[in-house]
Amino acid sequence: MKPLETKNRKATVDVEKWVYGGDALARIDGQVLLAPFVLPGERIEVEPKRTKGNLLRARSPQVIEPSPHRVEPQCEYFARCGGCQYQHAGYAYQTEQKVEILRETLRRLGAIDFDDEIPTIAGDPWRYRNRIQLHFDRGRVGFRRHNSHDLCPITHCPISSPKLNEAIAVLNDAVKRPEWPRFLRTLELFTNETDLQLNVVETDHPIAARFFAWCSGLIPGIVPGSLQYQGAGHTFRISRGSFFQVNRFLIDALVAEVLGDREGRSVVDLYAGVGLFSLPLAARFTRVETIERGLSAYRDIEANTAAAVGRVFPVRASTEDYLRQLTTPPEAIIADPPRAGLGAEATGELLRISAPQLTIVSCDPATLARDLKVLTSVYRIERLALVDLFPQTFHFETVAHLALNH
Ligand SMILES: C[S@@+](CC[C@H](N)C(=O)[O-])C[C@H]1O[C@@H](n2cnc3c(N)ncnc32)[C@H](O)[C@@H]1O
């Protein structure tokens, strides 16, 4: 859309859509302009700045005609803090738009026109996070500012769980005390709402050990090592450094979507983490091979699946190495890679193996689209579901169920 009006260096434009990454897209004389914290259909006044990548960017757009989907953000730090991008939109609208972003990304990067319905699985859009990273700077506690490495000081976070908010409040006081270890810049907090795990990079550092002991006197529930987490009808041991899903309300729903009603003889769980899918799969399949590269998560899988010995076979390997030596296709493969996606090597091996069912769990639609473009040469997409694990932010999870073409 052309600018409606250009005065000095300011322009008035209509917002077309949200794009993956949190920004909205408008056009000035055919050139793409990206703007944060606005909504599709809104008329905005912007002062465009050209970025290194030759894009136009508007840092602080002024809304002239608001969208009916605009709501008052719940958090006082919204638009300063880098954590959330969508608090100015009603929650139902956020998920509708995420589905549109998914369809558009699949079309643009995967040449995939998926016309079927994409169901959305969503829960409480507040207080859902069980894990956060806090930063500390000169007696202040916070997250990173929007588009910056600077600190955005906070005293609470409405998308984080009550236990994390309790810890944020205590740390705001503790960081000002003389006992506070000055070396500490970043702390990761993970909770099951009873116990709290603190992770610092320098965990073996003697000061870190003293810091944990000191914090244990301030915040109840701090555990020295791993944490036990209930989910999907099982208890998972999660050690420092092991991945676990961050939305405490949607763990069961995610597992239910991934497993569906399938059962059978053989399944492979790639990128298994601590075994979130492997353990429920063991009740449905005779043989579950569970593949994880990270040492800490692998040890957790061994512990978590000990009762299912003879059904679950943990393998510590990279997906690529494991798939390369796989000769007999299992009935089903589940793959839940990190943001980088499966990549050329793993997709190539998956094509060669051609398991009848392949389910991909993805936290990045762009890499999913790239991988599906390759995989749809032999697979068809049976079902796509969007699991909104990250309300108020641009992130979302996609579960893609594929079946081999005959
Ligand atoms: C997104 S997490 C998924 C974990 C698990 N499916 C869950 O839902 O809890 C990805 C996991 O894959 C592991 N990982 C990353 N790259 C890998 C690779 N190339 N091969 C095997 N595991 C890998 C990570 O250590 C992490 O535990």
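This is a predicted model: local features need pLDDT of at least 70, side-chain atom pairs count only at pLDDT 80 or more; totals for chains, interfaces and linings use all residues.
A polar side-chain atom of Glu-292 sits 2.6 Å from an oxygen atom of the ligand, a polar contact in the sense used here (a pair of N or O atoms within 3.5 Å; within protein, one must be able to donate a hydrogen and the other to accept it, and residues adjacent in sequence count only if both atoms are side-chain atoms).

Residues are numbered from 1 along each chain as its sequence is written, and side-chain values use heavy atoms, with hydrogens and water left out.

Thr-319 belongs to helix α7; helices (H or I, at least four residues) and strands (E, at least two) are DSSP runs, numbered from the N terminus. Thr-319 has a relative accessible area of 4%, so it is buried (under 20%; exposed is over 50% and partly exposed in between, with a 1.4 Å probe and protein chains only). Leaving aside neighbours within four places in sequence, Thr-319 is in contact with Leu-270, Tyr-271, Ile-291 and Ala-346, contact being heavy atoms within 4.5 Å.

Next comes helix α6 (residues 295-304), where Ala-297, Tyr-298, Asp-300, Ile-301 and Asn-304 are buried. Seen down the axis of α6, these buried residues fall within an arc of 160°, so they line one face of the helix; the arc is that of the directions from the helix axis to the C-beta atoms. Their packing partners are β17 (234-238), α5 (278-281), β19 (285-292) and β20 (312-316).

Moving on to the loops, Pro-329 lies between α7 (319-324) and β21 (332-335) and is partly exposed, at 41% relative accessible area. With neighbours within four places in sequence set aside, Pro-329 touches Ile-353, Ser-354 and Ala-355. Pro-329 and Val-267 are 62 residues apart in sequence, yet 9.1 Å apart in space, C-alpha to C-alpha.

Most residues other than glycine have a negative phi. Glu-193, in the loop between β14 (186-191) and β15 (196-199), has a positive phi, near 80°, and is partly exposed at 27%. Gln-392 has a positive phi as well, near 75°; this residue is found in the loop between β23 (379-387) and β24 (397-404) and counts as buried, at 2% relative accessibility.

Finally, an open sheet of 5 strands runs in the order β3-β4-β5-β8-β7, with mixed pairing. Its edge strands, β3 (17-18) and β7 (49-50), each pair on one side only; two strands pair if DSSP finds at least two bridges between them. Strands β5 (residues 31-35) and β8 (residues 56-57) run parallel and are joined by 2 bridges, and Leu-34 has Arg-57 as its bridge partner in β8.
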